[in-house]
Amino acid sequence: FFRSSTMYHQSTPWAQYAMAATAAAALVAVATVVSPATQLYTVATPAVRPATMVGTQVPVAPMHTGRFAASQPSTALMAEAQPGAELMQMQHSTTSPTMAGGWAAIGAGMALIGVAVAHVFGRGVKAPTPMYSVSAIEEPTMALMATSGFKAPPADLTLHVYDHCPYCTRVELFLGWNGIKYNRVLYGYGDMEGPKKLTGKKQLPVLQGSGVYNPPNMVGLPESMDIIAWCAQEYGCVLPVATGRSDIAAWQKTAKAPIAALSRPRMIKMPYPDFALEADLEYALNKWAKKTGFVTEEALAQTPELIAEMEKLLWDLEPLLKGNESANPWGLGMDDILLLPDLRRLTCVYGLKWPPKVKNYVDNALNFPAMQCVSYEKWSF
């Protein structure tokens, strides 16, 4: 009953143990009420102490004890006794109505107290609990890893990223949700040589570390979805697969332009190495202008209109979130990994009014203990 209840799953571990213990106490009380009367018999072989060994400790022959629901012990038990054994009735135990009622009252009272305590004190966790994975344990033992069949993430696990990159954010969400610790290496967006040393291309994210699969002629694993798939297989991580949410995909397509227009002029001011150097900023602005005709000053001038458009789109998104803090009712999964990077970028826009459910969704997803990609809200303008 407790295992299937919402209260159990929303309680802290100690409260879950308390609820389980009180349930067990109640079960014992019920068992006491319905258990039949019994008698306890002992077949004992008398000790034999030779006259020549007076004063020497000699082990007494073992006693055979049997518990029977019948009024007499079985002939098989009697057969085990040595010659000269005698049958002694040691105890006659009958559950009286008074005792049964007392045990039932005690068990029921403990159960009610445990449920009340768990309900009042056992709810609410300060930070979201990581998804199940062997690697989410603070210090997984070698025995645990061997038993589970999965490896522990190495101490030198390193993720090479651009902070603003949505593909990099996908991997960081996955690692953060699963409690996987890693070294985070950031690059300037105009750095042409750093990423090339890893894979031969100006391409991030790249995962690197002891035991990490390296494609030929590379010193790390590139491609966000490949990294996620490899980590899930190697470290025993859990991630519900994408469900093909065409409604969310349609929303993202509609929201793509206003998200870019609102976030780009602000992302370049965030306190990360992505755009720290003039060469980084020049590379980004030229690339965006060539692809979409983006101009920073024009986008900033359109802020009021863009915010109004984006707020409407965010309200359109709210009913598409089927879970309390996830795209689907069963919790965070690949559908969220595809959606959240766009929403994270919008946290740098000051004055944007979020629907409560969407805001809670974003805040919760970025608030896991091992999460290293965070909200831009405190730097928003």
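Author: The side chains of glutamate 377 and lysine 359 meet in a salt bridge, 3.3 Å from N to O; the term stands for a side-chain nitrogen of Lys or Arg within 4 Å of a carboxyl oxygen of Asp or Glu. This is a predicted model, in which local features need pLDDT of at least 70 and side-chain atom pairs count only at pLDDT 80 or more, while totals for chains, interfaces and linings use all residues. Residues are numbered from 1 along each chain as its sequence is written, and side-chain values use heavy atoms, with hydrogens and water left out.

Lysine 359 belongs to helix α14 (356-365) and glutamate 377 to the segment after α14, so the pair ties together parts that are 18 residues apart in sequence. Helices (H or I, at least four residues) and strands (E, at least two) are DSSP runs, numbered from the N terminus. Glutamate 377 is partly exposed at 44% relative accessibility, and lysine 359 is partly exposed at 22%. Here buried means under 20% relative accessible area, exposed over 50%, and partly exposed in between (1.4 Å probe, protein chains only).

The whole structure holds 9 salt bridges. One of them joins glutamate 234 to lysine 151, with 3.1 Å between the closest N and O atoms. That pair links distant parts of the chain, 83 residues apart: glutamate 234 is in helix α8, and lysine 151 is in the loop between α5 (142-148) and β4. Glutamate 234 is buried, at 17% relative accessible area.

Another joins aspartate 247 to arginine 245, whose closest N and O atoms are 3.0 Å apart. Aspartate 247 is partly exposed at 29%, whereas arginine 245 is buried at 14%. Arginine 245 sits in the loop between α8 (224-235) and α9. Setting aside neighbours within four places in sequence, arginine 245 is in contact with Leu320, Lys322, Ala327, Asn328 and Asp335, where contact means heavy atoms within 4.5 Å.

Asp163, Glu172, Arg184 and Arg344 are linked in a network of salt bridges. Arginine 184, in β5, stands opposite leucine 159. Strands β4 (residues 158-161) and β5 (residues 183-186) pair in the parallel sense over 4 bridges; two strands pair if DSSP finds at least two bridges between them. With helix α6 (residues 166-177), β4 and β5 make a right-handed β-α-β unit. Right-handed means that, with the strands pointing away from the viewer, the path from the first strand over the helix to the second runs clockwise.

β4 and β5 are part of an open sheet of 4 strands with mixed pairing and the order β5-β4-β6-β7. Its edge strands are β5 and β7 (221-222), each pairing on one side only. Strand β6 (residues 206-208) runs antiparallel to β7, joined by 2 bridges, and leucine 207 stands opposite leucine 221 in β7. Helix α6 packs on the sheet, touching β4 and β5, and its direction makes about 150° with that of β4. Such angles run from 0 to 180 degrees between N-to-C directions, using axes that are lines fitted to C-alpha atoms, for helices over the stretch in contact.
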